[in-house]
Amino acid sequence: MTPIYGNLQARQAFSAAIDSGSLHHAWIFAGPEGVGKAQFAMLAARYLLAGPGQPDDFSIPAGDRTQQLIDAGSHPDFKSLQRLPRDEKKPEQGLARSIRVDQVRELDHFLGVKPTFSDRRVVMIDTADDLERPGASNALLKNLEEPPTGTVFLLISHAPGRLLPTIRSRCRMLRFEPLDDAEIRVALTDAGVASGEIEELIRVGQGSPSRALAMAGLDIAGLDKALAELAKGDPSNLVRAELARALSLKAAQERYEAFLDRAPSFIAAAARTRSGEALRTALDAHDAARNLSASALGLSLDAQGTVFEMGGLVAQLAGR
């Protein structure tokens, strides 16, 4: 497992709760996507299941058997719920839209037997935002209301306000914040990112080391330059046609996905500098860009056509 960076206060707060001897049975690890919530939850799960004598910093000793079992999906006292493939025989079709109610109901058997290796069981849900509503959320609520002794629930959430209030009321909230530039710089350096690319990745990472690393080697500066050109207007469609051809190549898949991520953010940044009708135009373009970005990969839309359409939304910014 890669090292965890930042959010020392949150990690120390959870450690203190364990040391207090009265650890609450359910936690929501809340914060922006990509700041280490799920990574820390995995470390916390291992720590809770491995028993006494574990490192205070939640690090994993070499050859740790508990972690090996968790990684293999075979630890009898650990259960992870997440979205499953739409079709197990065709994983390339992507994941289901939600964590289904039948997945949550499987917890009944897991929680109905005694722990095997320790006096604890850990249930991790990544993310609780993906719980199917109302079925899966209500099924989880029943488990949170009457948990067996020694059970700890770790719910990952990028937007805790979207969770059922009754779920939030039964959990302790642990906040994770975006990392500062220095922390992301260390993470990128440790990951072996070229020094000349680090500052640009810090900018686009927006406090998320995983987001920054996902953009490494993709010439994000070049994509942003193309977006800036489109925002000046592209009446002949030459700029977006060229960009669409370049990003539709099979070898450009990762840059294509980065473009889908960057374009709505670029429009949002432009909107913050506007007012009146120009602001309305930018906000409408941003909504359309977000919807297009969200559906492009899940629905396997044609890459060339998608980039061309997205470029047209960015070009609307020229109509100030």
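**Charged pairs and ring pairs**

Reply: In this predicted model, the side chains of Arg203 and Asp224 meet in a salt bridge, with 2.4 Å from N to O. Arg203 lies in helix α9 and Asp224 in helix α11, so the pair ties together parts of the chain that are 21 residues apart in sequence.

Me: Which residues do salt bridges that share partners join into one network with Asp224?
Reply: The bridge between Arg203 and Asp224 belongs to a network in which salt bridges share partners. One member, Arg262, is among the buried residues of helix α13. The residues joined with Asp224 are Glu200, Arg203 and Arg262.

Me: How many residues apart are Arg46 and Asp64, which form a salt bridge?
Reply: The closest N and O atoms of Arg46 and Asp64 are 3.2 Å apart, and both residues count as buried, Arg46 at 0% relative accessibility and Asp64 at 13%. Arg46 is in helix α2, while Asp64 is in the loop between α2 and α3, so that the pair links distant parts of the chain.

Me: Why does Arg240 have no salt bridge with Asp234, the nearest side chain of opposite charge?
Reply: Arg240 lies in helix α12 and is buried, and the charged end of Arg240 sits over the ring of Phe308, 3.9 Å from its centre. A salt bridge needs a side-chain nitrogen within 4 Å of a carboxyl oxygen. Arg240 has no salt bridge because that limit is 4 Å and the distance to Asp234 is 4.2 Å.

Me: What kind of aromatic pair do Phe14 and Phe40 form?
Reply: The structure holds eight aromatic pairs, and in the one formed by Phe14 and Phe40 the ring centres are 6.0 Å apart. Phe14 belongs to helix α1 and Phe40 to helix α2, 26 residues apart, and both are buried. Because planes over 60 degrees apart count as edge-to-face, the 85° between these two planes makes the pair edge-to-face.

Me: Which residues do ring pairs link into a cluster with Phe14?
Reply: The pair of Phe14 and Phe40 is part of a cluster linked by ring pairs. Linked with Phe14 are Trp27, Phe29, Phe40, Tyr47, Phe58 and Phe176.

Technical notes
Residues numbered from 1 in each chain as written. Predicted model: local features only at pLDDT ≥ 70, side-chain atom pairs only at ≥ 80, totals over all residues. Heavy atoms only, no water. Buried < 20%, exposed > 50% of the residue type's maximum accessible area, 1.4 Å probe, protein only. Helix = DSSP H or I, 4+ residues; strand = E, 2+ residues; numbered from the N terminus. Phe/Tyr/Trp six-rings, centres within 6.5 Å; stacked < 30°, edge-to-face > 60°. Lys NZ or Arg CZ within 6 Å of the ring centre and 35° of its normal. Lys, Arg positive; Asp, Glu negative; His and termini not counted.
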